[in-house]
Amino acid sequence: MTTQETNERLELLQGTLDLLILRTLIFGAQHGQGIARAIQQTSDEELLVEHGALYPALQRLEERRWISAKWGISTNNRKARFYTLTSAGRKQLAKETTKWNRLTAAIGRILESEEG
Amino acid sequence: MWRRTRKASDFGAEIEAHIALESERLQEQGFSYEDAQTEARRTFGNVTRVQERFYETSRWPAWDHFWQDIRYAARMLRKSPGFTAIAVLTIALGIGATTAIFSLVDATLLHPLPYPHPEELVRIEDDLPGAGATDAGISIPEFKDLQRSGIFQYVVLEIFGSANLTGVSQPSRMQYEGVSPAYFAMLGVKPELGQTFDPQDQTPGFTLDVVISDGLWKRAFGSDPHIVGRSLRGDNDLYRVIGVMPPGFRDPGRTVGERNTEQWAALGFSDDPARGPNRSLRLPLETVGRLKPGLTVAAAQSQLDALVASLREQFPDDYPADSKWTVRLVPLKENVVGNVRQSLILLLGAVALVLVIGCVNVANLLLARASARSREMAVRQALGAARRRLVRQLLTESLLLSLLGGVAGLVILFCMKGFLLRLIPESLPRLNDLSINWTVMLIALAASIAAGVIFGLAPARQAGRLNLASTLKVEGRGSKGSREQTRTRRVLVVTEFALSLVLMVAAGLLLRSFWDLYKAPLGFNPQHVISVQLWLPSPNDPNTDIYGTVAQEPVFARELLRRSRLLPGVQEAALGAEPSIPLHHDGNRSALIVEGRQTQSKQTPLVERSQVTPEYFHLLEIPVLRGRLFNDGDDENAPLVAVINQAMAETYWRGEDPLGKRLKLGAGRAGVGQRASKIWITIVGVIADARTESLANASVPQIYLSLYQETPKELAIFLRGDLNASAIPEEVRAMVQSVDPELPVYGAQTLNDAVTASLEQRRFSMDIVAAFAVTALLLAALGIYGVISYIVSERTHEIGIRLALGAQRHRILRMILSQGLGLAIAGAAIGLVGAVIVAHLMAGVLYGVRPTDPATFVSVALLLIAVALLACYIPARRAIRVDPLVALRYE
């Protein structure tokens, strides 16, 4: 990974990190490092997630009771804090996803009409 | 302020776990352990920043910082106990004194009337400006007009007096008040026991029911729980007690005596002794009313003016145009606050100044400390502390300091409460019990917080504006503060001096007034004179009155005088009516009708009158100027004669010879003075003015009648000689009761005490203002001492060089002193301007001295500068003792 590559990656839009975390957790409990990896891999390494930014976001989501956390053991036998989606979190995810889809669709339409 | 649910260490552990996991993953991809660790940390970003964000989101940082600041401040204060003690004591003094004075102001000026809706209560006074008379009394038809006017909920008449209380263990004199039955309903107060009068009662004359005070209940009836229905005798008349007022209840009267009323009797004011539906017969009654709800005094006054105008048209004979009859509403609270408003505001102003000076002083101390700590502040800022955060921390420190001071002040106040209450003169009018209530506590708290912010701002601002580079550089070389800090401290010292000067001028003027008053020639000689009072009963039933006629009382009076002369040590004795007691404040005014002055026949001026025996003037050493004094021939069988004072001659016979002029006097108190209102009295002598009515006013018009010709019910015995003041009251009691065992004897006092007592209120405010002024001066001296010491220590190096180069020590001394002198003179100059303004505001409480008395101003300014020089001399001496070698090495 060179500096050049890093610069070409997309920075996350404000407020989308929460959505991505919730989305990642839909597949089951995961710890912070796993979430970071998952986001990076699922986006084909296109998105830049500063790992450090993840934890305050996780903390915030936990306080809003959209996710819950518990210390556990990772696959390679290390202690890690695992996050699970709560039912409130699922609802929030659905809401946010709809909102996001509407937003991108709208923005997409505008951009296309400009081009056309 | 919810509790944090997760600990920072837990969050830290999670981050460590993340880095371990990431590093492991990287090692699987072929990184070496070290590279993997580095890369994992790099992709994570700033760990500290993340932890800070966790910290900020997971709790309320302001609260957290606040606690941190408090703990830090407490630690700092503990570390310098000397500074803390001085600062806390200064503030405690300021807050404690302010709270004490404010309690007084609260009870007297702010809540003078402890009754519901006190703003509706008014005194109703009739004025006859054409005849030069104010508060001239009211006639019964006018009273009825007021009741019907629709302006008032209640209008009541009242008359104060005293009566002999008998039928209990020891005959005594009690202060009574005859009132309309609606009196208590008007005030809106309920009795503690029994009931009060029925406001609808229409019984003419006296009803035989009375309400008594808690004090009388305890004093004369031993707190008898079955008092209701018991009877008592007042001036031989039998009354039935129907109620007892609560302990805190005081009558809203104008004098101490009236406020201490012990018995209230209901009076119908529709028949005897308030006779006649005659409009121009003004009775010496007081009128009090409660306005209709929602009516302001001004609105009520304009309605009343309209009523008066229509009455004057309707009854032109009773209200001649030249008398200009008007009726004036005065808020009842003026009874309490009228005389003391100025003195109390003066005290409040003085104490506020002390508080401000105290704050300035503490600000000065804090500044000195701030300059000592500027290195600490600079280092902390260089390490990234936000300026706002530092300012807040310094403010927290000063707030903590002032709150500590405030609490200490209140604690001291509570401990000294008993002592302080004794300092308050009895003559200071108040109806409330003094207490430090919640309002006062809250105000003290607010004052401490305000003080903390005010004196914390200067050092905090400075810390916020510190120039890091230069501070650190300068600090490195060991010198101490910035130029700007020194300037601020000089400004503070000048402020202190200016404020102190204002206070000292105020105190100086009060002192001069007091001294002038104290030294003013009395016009009579109070030395070795004791007066004792007694009261002859004046029952409503004439058949039980054994002193009722002109023939009966003089016999008693002569016997009293004969026996008085036989008492041990007595050289001279005289009798007089109660108003003849010098400086006795319950005056007795009568309408004056001068023969041949027809314009004033109906609406007349009032003069102070009393009755005395011939020996009175000689006993008090009041000289006769013209004509003659009374002699034993002026008795009940001779034509009525009067002696007037110079002031009365000047007022009514300016440029004429008053001797031989004839006059009549209207009835004074009820049932007294019946003869003098019917028969012409001839003036036979003029005496010199004496300050017997008021120490501050020597020229109150006064007229004296012969006691044998016009017999009073309230008697005073005057004794001059080598008297034993502690034995006299009992000796006189035994002597009087050997003539009539039913007579109470009371009010024994030496005239010297009477003179002292009438100076009491003035003395009280003077003492307090003087104490404040001395405190202010000390604080200012402390302030200038601090600044000069600081300057000296800052310049030790420079002084060392100067000395090493051969400077004369006295020149250095002069250099330092001139700095202090400059500050003191600047402060004095500014203070003088303030003092001129304040002195004019307090003109009303001064006596004999002009508000701009140059002697006071100059001597106060000189004293201030002298004290300043003294305060500067101590550090300056230290400067000239500097050993050049030590000073240079020290750096």
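**Reading the model**

Reply: Let us begin with one residue, B:Asn339, which sits in the loop between α11 (334-337) and α12 of chain B; helices (H or I, at least four residues) and strands (E, at least two) are DSSP runs, numbered from the N terminus. This is a predicted model, in which local features need pLDDT of at least 70 and side-chain atom pairs count only at pLDDT 80 or more, while totals for chains, interfaces and linings use all residues. Residues are numbered from 1 along each chain as its sequence is written, and chains are lettered from A and ligands numbered from 1 in the order in which they are written.

Me: Why is B:Asn339 described as partly exposed?

Reply: A residue is buried if 20 or more other C-beta atoms, placed from the backbone, lie within 10 Å of its own, exposed if 12 or fewer, and partly exposed in between. B:Asn339 has 15 other C-beta atoms within 10 Å, and it is therefore partly exposed. In space B:Asn339 lies 9.6 Å from B:Arg254, C-alpha to C-alpha, although the two are 85 residues apart in sequence.

Me: How many helices and strands does chain B have, and which domains are assigned to it?

Reply: Chain B has 27 helices and 21 strands, and buried residues account for 44% of its 891 residues. Domain bounds come from an automatic or database domain assignment, which for chain B gives domain 1 (1-59), domain 2 (118-332), domain 3 (341-519 + 760-890) and domain 4 (529-722). The centres of domain 2 and domain 3 of chain B, taken over C-alpha atoms, are 52 Å apart.

Me: Which residues have the most contacts inside the largest nonpolar core?

Reply: A nonpolar core is a set of buried Ala, Val, Leu, Ile, Met, Phe, Trp, Tyr and Cys residues joined through C-beta atoms within 7 Å. The largest one here has 98 residues, and those with the most contacts inside it include B:Phe497, B:Leu501, B:Val769 and B:Ile784. Helix α12 (residues 341-372) of chain B gives the most to this core, with 17 residues. Apart from this core lies another, of 64 residues, among them B:Leu620, B:Ile622, B:Ile717 and B:Val745.

Me: Which strands pair with β20(B)?

Reply: Strands of a sheet pair through backbone hydrogen bonds, either parallel or antiparallel, and two strands count as paired if DSSP finds at least two bridges between them. Strand β11 (residues 529-535) of chain B pairs with β20(B) in the antiparallel sense over seven bridges, with B:Val529 opposite B:Arg720. Strand β12 (residues 570-577) of chain B also pairs with β20(B) in the antiparallel sense over seven bridges, and here B:Val570 stands opposite B:Gly721. Strand β20 (residues 714-721) of chain B is mostly covered, with seven of its eight residues buried.

Me: How many residues does each chain bring to the contact between chain A and chain B?

Reply: Two residues are in contact if their C-beta atoms, placed from the backbone, lie within 7 Å. The contact takes 16 residues from chain A and 18 residues from chain B. On the side of chain A that touches chain B, α3 (32-42), α4 (51-63) and β5 (79-85) of chain A each supply at least two residues, and the largest share, seven residues, comes from α4(A).
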